[in-house]
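User: I'd like to learn how to read a few features in a model like this one. Could you walk me through them?

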Amino acid sequence: MRSAGILLSVSSLPSPYGIGSFSNSARRFVDLLAQAGQSFWQILPLGPTGYGDSPYQAFSAFAGNPYFIDLDTLVKEGLLEKSEIDAADFGQDNPKKVDYEKLYIGRYPLLRKACERSDFEQEEAYRAFEKENAAWLEDYALFMGIKNLLGGRSWMEWPDEIRMRDPRALEEMREKTAQEVRLFKFLQYKFMQQWMALKEYAHTKGVKIVGDIPIYVSADSSDAWADFELFQFDEAHRPSSVAGCPPDAFSADGQMWGNPLYDWDYHEETGYAWWKRRIAHCLKLYDVVRVDHFRGFDEYYAIPAGDKTAARGHWEKGPGMKLFHALSDVPGMRSDAIIAEDLGFLTDSVIQLVKDSGFPGMKVLEFAFDSRDTGSGYMPHLYTPNCVVYTGTHDNQTLRAWYGELLPGDRARADVYMGFTEETTPEERNWTMIRTAFQSVADKCIIPMQDYLCLGEEARMNQPSTLGANWTWRMTEEQLDEALLSKIRALTEITDRLA
């Protein structure tokens, strides 16, 4: 069935409190999606972010980001005063950017106050939440409590007895961090309450949620600390190899991600129990899950721990279809419940894995005209129905910025394909490319909000392998007006993608 959606991070929603959240603004965005005939709202990962603020490097594969908790809802629940919120500095002076430093300093004291005023442990709903999430909640809360006690240091720099999870040391830490553990349990409870309410609201409007998860967990995560046996760690609980990408036309040294690699033999021995828990959790949070770096299930690039670049890495075999056969009995699992992020250079075996899984892959229109990425099937006339087409992703430039930096030969190719002339305006170019995506045979068409708004480089969400200016773009209330909604709906209707 043909459908369409919009890609917008929760963090990018309009908000008077420095970052988008599960607020009335989120519900208004859902209303606008429905008004524009959209079936899907695709978001970025919802995990708690750390150094670098990347949602793809979260402190937990299961926990949610406390920044997304709506403060006004806490006021309604009697846990905060509006005056307390108004007195805080979240970086509100710039409504188009997230200031993560001010957010951290300004928001956590309020969340602590809300926790101190709450008797949430007495609530039946909390006890059910705690029981349902027992496999990760206690370890995560303790991990964050210890991290705060030790000045935010990575767990790999903790004293050995804590890092290696000596039972006596952990019991001592539980006593020392009891209030912090309580705080982080409270935050996860509120996160889940508010997110599930927002998701249910979206469903009443006919809008489904496309979530996003990285294939790997962060090196500095409760998963790596508490479930070390899942990863390629040595006896000292340190990585023997880490994840990344080999050198290519885009990066001479390759990419050093630094994530711990999975011990796939162990996962197979356990019947992929951890992955079953993870996917089941995701399918509760979202209707569809985009899995980042799907190629890693076929082959993964292993870089010796301690190397400065990815140059000495090598490819190892992943679990392949054995994993997906094991996941087939997870509640809610079906062929259209997963989107396989299969971008970049693909081997025959990766292509076959995507085909065998039945999951739709991804097509990115910007890649169709990049001379460094030829023969990859991104030209719209080569698509097959079982795929999801994007103009770009969170890692790409916006359409407007991308076109402005195309190599002359690539630009000429795009001009011929799209029918651009010297008189074509940036807005017309954007809409022509968006229309091309909509007119393709791809079952789903998802467009980043920045491309509908025809924004430039200032609205780019992420530039891979860089730190400092990523994940900050925000939309303002006035940017999504009635004229734009009508235009989106008309295009959605004429291409048979109307919800």
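This is a predicted model: local features need pLDDT of at least 70, side-chain atom pairs count only at pLDDT 80 or more; totals for chains, interfaces and linings use all residues.

User: Is Asp220 buried or exposed?

Analyst: The general idea is that a residue counts as buried when its relative accessible area is under 20%. Asp220 has 17%, so it is buried.

User: Which side chain makes a polar contact with the side chain of Asp220?

Analyst: For a polar contact, look for a pair of N or O atoms within 3.5 Å. Here the partner is the side chain of Lys147, at 2.6 Å. There's a backbone atom to look at too: a polar atom of the Asp220 side chain lies 3.2 Å from the backbone nitrogen of Trp155.

User: And which residues is Asp220 in contact with, leaving aside neighbours within four places in sequence?

Analyst: Lys147 and Trp155 turn up again, along with Ala58, Phe59, Phe143 and Ser154.

User: Now S3 itself. How many of its residues are buried?

Analyst: Six of the seven, so S3 is largely enclosed by the rest of the structure.

User: Which strands does S3 pair with, and in what sense?

Analyst: To read pairing, count the bridges; at least two are needed. S2 and S3 are parallel, with three bridges, and Phe40 stands opposite Lys208 in S3. S3 also runs parallel to strand S6 (residues 288–292), joined to it by five bridges. In that pairing, Asp212 stands opposite Arg290 of S6.

User: Where is Gly47?

Analyst: Look in the loop that connects strand S2 (40–42) and helix H2 (71–76). The relative accessible area of Gly47 is 9%, so this glycine is buried. Setting aside neighbours within four places in sequence, its contacts are Ala58, Ala63, Gly64 and Asn65.

User: Last one: which residues touch the most other members of the largest nonpolar core?

Analyst: Think of a core as buried nonpolar residues joined through side-chain atoms within 4.5 Å. The largest one has 162 residues, and Phe29, Trp41, Trp195, Trp275, Phe297, Met449 and Tyr452 touch the most other members. Helix H9 (residues 178–204) gives the most to this core, with 11 residues.

Note on methods. Residues are numbered from 1 along each chain as its sequence is written. Side-chain values use heavy atoms; hydrogens and water are left out. Buried means under 20% relative accessible area, exposed over 50%, partly exposed in between (1.4 Å probe, protein chains only). Helices (H or I, at least four residues) and strands (E, at least two) are DSSP runs, numbered from the N terminus. Contact means heavy atoms within 4.5 Å. A polar contact is a pair of N or O atoms within 3.5 Å; within protein, one must be able to donate a hydrogen and the other to accept it, and residues adjacent in sequence count only if both atoms are side-chain atoms.
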